[in-house]
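Biologist: I would like to learn how to read a protein model. Please take me through the features step by step.

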Amino acid sequence: MKKLLFLFVALISLNASAQTPNDSTKTEKPKNMFVGLNLSMSQGDFSTNSYPGIELGYVKDNISYSAIFGRGDFNGMLRNGDNLDNYWWEVKFSPSYAVGPVNGFLIAGGGAYFNSDHYFAELGLGVSYTKNNINYGVCFSNWDTKNYITPFVSINF
């Protein structure tokens, strides 16, 4: 049942910032792919409560679908002996809504640590601003039962 629930969440999951749709009168190709860098931070020691990640995604009809790969924290990152157990993956689903010059978005996601049976879910919300194909934003989410603030930058192409 746990794996079925995880699969359901994974199929409808993705975090990202969806860009505003292009004006239909323009002839340029819409930019519906993105790559982003993010750093989720929680209370406590920065090295053990910060989770860096890289996100790759696709946007269609103001809904983004993405895959994120990251590391559990910065603790011991540069030491010898770092292994795959410290890294995680996640898939996310994120509908966005234009609110004036910014986009508001919701987040639903699920993932797991590599080489582990430790699965997690993410739920949250955020805002972003797009300028020259670059999104700047921040989101608040509950990721793996802990609250995080995540500033991010993504490039649309």
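Modeller: Let's start with pairing: two strands pair if DSSP finds at least two bridges between them. Strands are DSSP runs of E with at least two residues, helices are runs of H or I with at least four, and both are numbered from the N terminus. This is a predicted model, in which local features need pLDDT of at least 70 and side-chain atom pairs count only at pLDDT 80 or more, while totals for chains, interfaces and linings use all residues. Residues are numbered from 1 along each chain as its sequence is written, and side-chain values use heavy atoms, leaving out hydrogens and water.

Biologist: Which residue in β6 stands opposite Ala112?

Modeller: Tyr119 does. Strand β5 (residues 102-113) and strand β6 (residues 119-131) run antiparallel, joined by 10 bridges.

Biologist: How many strands does the closed barrel have?

Modeller: The barrel has 8 strands, in the order β1-β2-β3-β4-β5-β6-β7-β8, with antiparallel pairing. Along the sequence, the chain's pattern is α-β-β-β-β-β-β-β-β. Strand β1 (residues 33-41) also pairs with strand β8 (residues 146-156), antiparallel and through 6 bridges. There, Met41 has Ile149 as its bridge partner.

Biologist: Along β1, which side chains point to one face and are buried?

Modeller: First the general idea: in a regular strand, side chains alternate between the two faces of the sheet. Buried means under 20% relative accessible area, exposed over 50%, and partly exposed in between, using a 1.4 Å probe and protein chains only. In β1, Phe34, Gly36, Asn38 and Ser40 point to one face and are buried.

Biologist: Does Lys92 count as buried or exposed?

Modeller: Lys92 counts as buried because its relative accessibility is 3%. Lys92 belongs to strand β4 (residues 87-99). Its side chain makes a polar contact of 2.6 Å with the side chain of Glu122. A polar contact is a pair of N or O atoms within 3.5 Å; within protein, one must be able to donate a hydrogen and the other to accept it, and residues adjacent in sequence count only if both atoms are side-chain atoms.

Biologist: Where is confidence lowest, and where is it highest?

Modeller: pLDDT is the predictor's confidence in each residue, from 0 to 100. Confidence is lowest in helix α1 (residues 2-11), with a mean of 37, and highest in β5, at 97. Where pLDDT is low, the predicted coordinates should not be read in detail.
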